Amino acid sequence: MAKRIHVVPHGDGWGARREGASRVGSVHNTQAAAAAAARATAKREHGEVIIHRPDGRIRDSDSYGNDP
């Protein structure tokens, strides 16, 4: 299964959290910064980035693995 990293609201900023983790792995001031960090990890690990809106709904997703 592909590794998924979620970009989620976290306090006054944004966090990048691996799917299934209870805590964020990194905290950023902006959604764009969190998404860039998540993309770098997803590219390295051939995973997927799921970006959420401030209300928690999914805004966008990108896959960096071997898509069928």
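Two strands are taken to pair if DSSP finds at least two bridges between them. On this basis, the predicted model contains an open sheet of five strands in the order 3-2-1-4-5, with mixed pairing. The edge strands are strand 3 and strand 5, each of which pairs on one side only. Averaged over the sheet and with direction ignored, neighbouring strands are turned by 20 degrees against each other. Helix 1 packs on the sheet and touches strand 1, strand 2, strand 3, strand 4 and strand 5. The direction of helix 1 makes about 165 degrees with that of strand 4.

The protein chain as a whole comprises one helix and five strands, which follow the pattern β-β-β-α-β-β when read along the sequence. For 68 residues, a compact globule would have a radius of gyration near 11 Å, and the value of 11 Å found for the protein chain agrees with this. The C-alpha trace spans about 35 × 20 × 20 Å along its principal axes. Buried residues make up 31% of the 68 residues of the chain. Among contacts with a separation of 6 or more, 28% are accounted for by residues 24 or more positions apart.

The pairing of individual strands can be described in turn. Strand 2 and strand 3 run antiparallel and are joined by three bridges, with G15 standing opposite V27 in strand 3. Strand 1 (residues 4-10) pairs with strand 4 in the parallel sense over four bridges, and R4 stands opposite E48 in strand 4. Strand 4 is also joined to strand 5 (residues 58-63) by five bridges, and these two strands run antiparallel. Within that pairing, I50 stands opposite S61 in strand 5. Strand 4 and strand 5 form a hairpin with five residues between them. In the turn of this hairpin, G56 has a positive phi of about 100 degrees. A positive phi, of about 55 degrees, is also found at H46, although H46 is not a glycine. H46 lies in the loop between helix 1 and strand 4.

Strand 4 (residues 48-52) is largely enclosed by the rest of the structure, because five of its five residues are buried. Both faces of strand 4 are covered. E48, I50 and H52 are buried on one side, while V49 and I51 are buried on the other.

In soluble globular proteins, nonpolar side chains tend to be buried together. In the present model, the largest nonpolar core has 10 residues, namely I5, V7, W14, A16, A34, A35, A38, A42, V49 and I51. The elements that give two or more residues to this core are strand 1, strand 2 (13-18), helix 1 (31-45) and strand 4. Helix 1 provides the largest share, four residues.

H28 lies in strand 3 (residues 26-28). H28 has a relative accessible area of 18% and is therefore buried, the cut-off being under 20%. The side chains of H28 and S26 are joined by a polar contact of 2.9 Å. When neighbours within four places in sequence are left aside, H28 is in contact with G13, W14, A33, A34 and A37. Among these, W14 and A34 belong to the largest nonpolar core.

P9 lies in strand 1. With a relative accessibility of 37%, P9 counts as partly exposed. The C-alpha atoms of P9 and I51 are separated by 9.7 Å, the two residues being 42 residues apart along the chain.

Terms used. Residues are numbered from 1 along each chain as its sequence is written. This is a predicted model: local features need pLDDT of at least 70, side-chain atom pairs count only at pLDDT 80 or more; totals for chains, interfaces and linings use all residues. Side-chain values use heavy atoms; hydrogens and water are left out. Buried means under 20% relative accessible area, exposed over 50%, partly exposed in between (1.4 Å probe, protein chains only). A polar contact is a pair of N or O atoms within 3.5 Å; within protein, one must be able to donate a hydrogen and the other to accept it, and residues adjacent in sequence count only if both atoms are side-chain atoms. Contact means heavy atoms within 4.5 Å. A nonpolar core is a set of buried Ala, Val, Leu, Ile, Met, Phe, Trp, Tyr and Cys residues joined through side-chain atoms within 4.5 Å. Axes are lines fitted to C-alpha atoms, for helices over the stretch in contact, and angles run from 0 to 180 degrees between N-to-C directions. The radius of gyration is taken over C-alpha atoms; the globule rule is 2.2 Å times the number of residues to the power 0.38.
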